[in-house]
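The sequence and the structure come first.

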Amino acid sequence: MYRIISTPASKFRQFGRLRSRTSNTSAANSDEENAFQILWRYQILDPDSDIVAYWNRVFLVASLLALFVDPLYFFLPTVGGTACLKADPRLSIIVTIMRTFADLFYIIHMVLKFRTAFVAPNSRVFGRGDLVMDPHEIAMRYLKSDFVIDLAATIPLPQIVIWLVIPASSSSTTDHANNTLALFVLIQYIPRLFLIFPLNQRITKTTGVIAKTPWIAAAYNLILYMLASHVTGATWYLSSIGRQFNCWRAECERENRLKTITCLPTYLDCNSIGLPERQRWLNVTQIITRCDPKAKLNVKYKFGMFADAFLNDVVTTNFVERYFYCLWWGLRNLSSYGQNLDTTTYLPETFFCIFLCLAGLILFCLLIGNMQTYLQSMSVRLEEWRIRKNDTEQWMRHRQLPPDLQERVRRFVQYKWLATRGVNEESILLDLPLDLRREIQHHLCLSLVRRVPFFSQMDDQLLDAICERLVSSLSTEGTYIFREGDPVDEMLFIIRGQLESSTTNGGRSGFYNSITLRPGDFCGEELLTWALLPNSTLNLPNSTRTVKALSEVEAFALEAEDLKFVASQFKRLHSKKLQHAFRYYSQQWRTWASCFIQAAWRKFQKRKAARELSLREGQFYMTLPPERDSSSYYGESERDQSVGSSSSPGRMKRVQNLNTTILASRFAANTKKAKVRGSDPVPQLFKPDEPDFSVDREEV
């Protein structure tokens, strides 16, 4: 859409008066139309607006088509009979219609230039500059600069010459008409051709490129090269017709000088074919034999490079065959710089060959060179990657790296190419404004970040802050991301692939814990605990786990400094959900919890076994007396019975106390033996540091 830059206030007041004077529906509609015409009359277009840029591209295509149409006038003359020329009337009508349709675009372009603002030259000291929006100043500037060239390119000169000038001339012949038409077409073709160059510069200045894709840019340069071939072939065809006519006219003048026969110039026009005197002239004249390029005995009049048009009957065939043969002739000779041409000493022919050679050299270097550049730009990343890959191979061979290490390097280089296609995303983002970077990172990372359960508990503001600082990380199979005991410099959030996270609790023998990390998990949580400390030092925390890639892994990394900033946002949150989410998804906390549960379960099992053992031993000693001699036992029993029943209750109580003492001593002895024997000790795993999610400590 175009935008209205300037509309005088008086015209708006006139528009309001028109609206106020409406008394019925028909009058209102009429006033609205008048008001719309007034507004349209004073609309000024921004030269950098979308509609102006779109129109420039449309007009560029229309100008190229017009440049293809104008040389078609050169194909109007043809050999219509024996020693005569004629013009193709059907082709004249078709070319005139096409030319008139192309002229409409030039007229619209001139109208839009009267309504397009321009930048004041004295305001370009800084920035874009100020737009001049006064219609009078715009019109005066256009009339003083490009108006004359645009008007010369817009006037329908060929139509006027063909349908008005030539028919009105009583003494016009076919050759005279051809020369006049060719002259006017050439005069108008020059300004139309020069309009292409400022139009290209204007499009490049507005949009940065003439074409959006390399293929379109290459096709554009190829079309320009084909246009040059088309113009060259049409000029060669018209020159061939002119060369043939010059031969006929020279022989006719020779016959008139010798007075052997009367040769009128009208005989060379096909309109006089039915005249009897022309038939008598054909029976005695030598024009046909002396101006025949196919005659090998004709050594007086040489056709040179124009002989192909007659040897291949190009001048007598239909338009389609004539056009494509001439196009091929121009393309072949432009590509070969005219090396295959057989020229004569005819001066215009020599000049034409010189111009053809220079034009072919310039066009080949310029247009074909540009087309090659655009096509090579499609594979420039691939070529850079190939060169970098070769340099890597040479460096690895020079340093004599082991084969397995070389293979890992190759896998990483290949995987990085497949993931990024050689584009440095960070450099592209750094050249953009902060707002655009934020929106792009939000678009690229937000949906993936929400897949991480730890991030799903955060609000949008905090997620935006995280997305701004996330960087992509690629790892191939077998890569160690963290090693136990090494400093942790980033926190990794997995998007694709699998990682193995293992720990030995500081190298303790007999202890090993391993878990597989999948998309949605994270590692390096020690860095978050470090970042949440109120007085964290510059020394990074050590990793408690070893993390290794099991497959190709794509992840987002949050570096230490960025995580420090994000951690400051954590302290402003009062929700306990983040604390629970961190504990639940942290592998360090999961390992501590599993070991804590295992230790508690083992302790419970030992207590249960000891309790069951004590119960069994208590029942055994309560049912059986202490071991001693049976004879003394039975003898003591008989003495006790002889003493009497009065002393039996006291004696039984003493026996029970003795049994309890023996049971307690044996239980203590068994417990001591178990400790000395030393069953498997429970490994001690300290509880991880608790991140400070509250604000109380910060306030203190």
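By about how many helical turns are Glu393 and Arg397 separated in helix α16 (residues 380-399)? They are four residues apart in that helix, so the separation is about one helical turn.

The model is predicted: local features need pLDDT of at least 70, side-chain atom pairs count only at pLDDT 80 or more, and totals for chains, interfaces and linings use all residues. Residues are numbered from 1 along each chain as its sequence is written, and side-chain values use heavy atoms, with hydrogens and water left out.

**Salt bridges**

A salt bridge here is a side-chain nitrogen of Lys or Arg within 4 Å of a carboxyl oxygen of Asp or Glu. The whole structure holds twelve of them.

| Glu251 | Arg290 | 2.9 Å |

Glu251 in helix α10 (residues 214-258) and Arg290 in helix α12 (residues 287-290) are 39 residues apart and link distant parts of the chain. Helices are DSSP runs of H or I with at least four residues, strands are runs of E with at least two, and both are numbered from the N terminus.

Buried means under 20% relative accessible area, exposed over 50%, and partly exposed in between (1.4 Å probe, protein chains only). Glu251 is buried at 7%, while Arg290 is partly exposed at 25%. Glu393 is buried at 15%, whereas Arg397 is exposed at 52%.

**Sheet**

Four strands form an open antiparallel sheet in the order β5-β12-β7-β10; two strands pair if DSSP finds at least two bridges between them. The edge strands are β5 (471-475) and β10 (522-523).
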